Amino acid sequence: MKKTDNKPKWLQEFSVNNFIMIAGPCSAESEQQVIETALELKKIKEVSVFRTGLWKPRTRPGTFEGIGHEGFQWLKKVKELTGLKVAVEVASPHHVELSLKNNVDIIWIGARTTSNPFSIQEISRSLTGTDICVMVKNPMHPDLNLWIGAIERLHKIGLKRIAGIHRGFFPYSFSNFRNIPRWDIFIELKRLFPTLPVITDPSHIAGKTQLISKVAQMAIDLDTHGLMVEVHAHPAEALSDSGQQFSPLEFKKFISELKFRRSVGLNKDFQRELDNFRSQIDMIDQQLFEFVAGRMKVAKDIGEFKCRNDITILQLKRWAEILKTRVELGKEFGLNEEFTRKLLQLIHEEAISIQSEIMNRCAEDRNK
Ligand code: PEP
Ligand code: MN
């Protein structure tokens with residue numbers, strides 16, 4: 001499935017063709033449901049790890065909160081019957097202790113738990129002296145440092161087999177996604193920790209099965225190390241996350257449609273041509289920065305002019321007009337409207353900040 005490249009060696013144990021495919025139901029609901037799902041997954045050669053939640057962090061009480069430690073017996077059977085590795089979510093030292101005792105292969109820390117450094121510290125302490133593989137989901141809100149902090153706490157107690165799981169971030173306004181992917185954060189984590197494997201959970205990003213393929217393909221195109229996907233033998237009957245779980249059949253189709261690409265080029269011709277394109281980008285960036293700096297210089301001059309004439313920085317009419325005309329201009333150049341808006345807002349924010357500095361200085365000078 002995936003061309004061999006520089007993946008950490010320990011990942012091999014959990015991978016098929018150098019890619020980790022973790023699949024299984026959101027929650028373990030009954031022995032029948034767990035075993036039936038696992039037996040279906042065993043038939044799919046790309047799957048290497050069976051996932052399920054024994055303790056479920058539900059937003060409000062009164063819904064299914066997991067089967068608890070009873071489920072470990074079912075997971076033992078999964079291992080015996082399928083040979084798949086098993087992964088569960090832990091949120092406390094007690095969960096860790098039971099998972100270790102029951103020979104779980106991978107434990108993962110859920111988004112809500114990553115958000116709390118106290119919990120992470122306690123979990124880390126309870127893992128001291130072990131070498132189990134731990135995967136850390138990103139926190140609920142887009143705080144990269146909190147995610148990194150959790151990984152660091154686990155690293156500090158001596159764990160060597162740590163991976164991140166990107167599961168998206170809470171949307172504060174309307175979104176098609178259950179959790180916003182924020183690929184910029186995923187990329188930044190990879191840039192800061194190039195040897196850290198980061199896998200992607202497209203099920204919790206998408207929130208509905210129809211969106212999962214698109215998210216997973218994007219993750220693969222951004223060189224994710226693997227996927228964690230929710231699969232249930234009978235999704236319509238699921239006690240949690242019913243709308244985002246694939247049936248085994250749907251999952252098989254989903255895998256067959258994924259396109260895996262190499263992360264490095266094959267030959268010199270490819271490299272030469274890519275370098276060619278890249279030098280074009282380098283030149284355009286040079287011009288882009290010259291233009292942006294030129295624009296900021298004019299904004300600065302306007303700031304001084306406004307200051308001398310005692311008028312406000314924000315001129316609402318002008319800003320509305322800029323937005324309207326530039327969005328149209330962007331469209332003419334084939335640029336995405338949202339992108340144009342974001343770009344303009346960023347430039348405008350910086351221009352305001354430059355002008356505000358000038359105004360403050362100007363006011364100080366007058367008070368002297
Ligand atoms: C889960 O994987 O079932 C889960 C609860 O995920 P998250 O922590 O990403 O919400
Ligand atoms: Mn779930």
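Helices (H or I, at least four residues) and strands (E, at least two) are DSSP runs, numbered from the N terminus. This is a predicted model: local features need pLDDT of at least 70, side-chain atom pairs count only at pLDDT 80 or more, and totals for chains, interfaces and linings use all residues. Residues are numbered from 1 along each chain as its sequence is written, chains are lettered from A and ligands numbered from 1 in the order in which they are written, and side-chain values use heavy atoms, with hydrogens and water left out.

**View 1. Lys 253 and Glu 257 in helix 10.** A salt bridge (a side-chain nitrogen of Lys or Arg within 4 Å of a carboxyl oxygen of Asp or Glu) joins the two side chains at 3.1 Å, N to O. The residues sit four apart in helix 10, so about one helical turn separates them. Lys 253 is exposed, at 51% relative accessibility (buried means under 20% relative accessible area, exposed over 50%, partly exposed in between; 1.4 Å probe, protein chains only).

**View 2. Glu 188 and Arg 191 in helix 7.** Their closest N and O atoms lie 2.8 Å apart in a salt bridge. Helix 7 spans residues 183-192, and the pair is three residues apart within it. Glu 188 is partly exposed at 28%; Arg 191 is exposed at 54%.

**View 3. The manganese ion (ligand 2).** Its protein donors (N, O and S atoms within 2.8 Å of the metal, 3.2 Å for Na, K and Ca; water is not among the atoms, so sites may look incomplete) are Cys 26 (SG), His 204 (NE2), Glu 230 (OE) and Asp 241 (OD). They lie 2.1 to 2.4 Å from the ion. Glu 230 is buried, at 0%.
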